[in-house]
Amino acid sequence: MATVTAIGARTSVCGLALAGVDVLVAEDADAVRRAWRALPVTAGLVILTAEAAEALGAETTAPAPSRPLTVVMP
């Protein structure tokens, strides 16, 4: 079963844990990239803060069969 994971600053993503989302707190660009590389293979959807998406870049988060679907929080 696929899971939902969120990556970003603590203040932006911690509340999502109440809805059952796996939260990976990443306060800077390096932490975001480490969190992305550490995603479990079960991750089917990744919610990113705008800052996290910027740190990863469009090529990393572009749709591809080998990657989970990503969405960026407004």
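So, Thr5: in strand 3, its bridge partner is Val46. And Thr5 has a bridge on the other strand too, because in strand 2 it is partnered with Asp22. One quick caveat before I go on: this is a predicted model.

Let's zoom out to the strands themselves. Strand 1, residues 3-8, pairs with strand 2 in the parallel sense, over four bridges. Strand 1 and strand 3 also run parallel, and five bridges join them.

Put together, we have an open sheet of four strands, order 2-1-3-4, with parallel pairing. So which strands stand at the edges? Those are strand 2, at 22-25, and strand 4, at 69-72; each has a single partner strand, so one side of each is left without a neighbour in the sheet. If you like angles, neighbouring strands here are turned by 20 degrees against each other on average, ignoring direction.

Okay, what packs on that sheet? Helix 2, residues 29-37, does, and it touches strand 1, strand 2, strand 3 (43-48) and strand 4. The direction of helix 2 makes about 165 degrees with that of strand 1.

Now look at the helix residue by residue. Ala31, Val32, Ala35 and Trp36 are buried in helix 2. Looking down the axis of helix 2, you'd find its buried residues within an arc of 140 degrees, so they line one face of the helix. And what covers them? The cover for the buried residues of helix 2 includes strand 1, strand 2, strand 3 and strand 4, plus helix 3 and helix 4 (58-61).

At the N-terminal end of helix 2 there's a cap, and that's Asp28: one of its side-chain oxygens lies 3.1 Å from the backbone nitrogen of Asp30.

Last stop, Thr49. You'll find Thr49 in the loop between strand 3 and helix 3, which is 50-56. Is Thr49 buried or exposed? With a relative accessible area of 4%, Thr49 is buried, because the cut-off for that is under 20%.

Conventions
Residues are numbered from 1 along each chain as its sequence is written. This is a predicted model: local features need pLDDT of at least 70, side-chain atom pairs count only at pLDDT 80 or more; totals for chains, interfaces and linings use all residues. Side-chain values use heavy atoms; hydrogens and water are left out. Two strands pair if DSSP finds at least two bridges between them. Helices (H or I, at least four residues) and strands (E, at least two) are DSSP runs, numbered from the N terminus. Axes are lines fitted to C-alpha atoms, for helices over the stretch in contact, and angles run from 0 to 180 degrees between N-to-C directions. Contact means heavy atoms within 4.5 Å. Buried means under 20% relative accessible area, exposed over 50%, partly exposed in between (1.4 Å probe, protein chains only). The arc is that of the directions from the helix axis to the C-beta atoms. A polar contact is a pair of N or O atoms within 3.5 Å; within protein, one must be able to donate a hydrogen and the other to accept it, and residues adjacent in sequence count only if both atoms are side-chain atoms.
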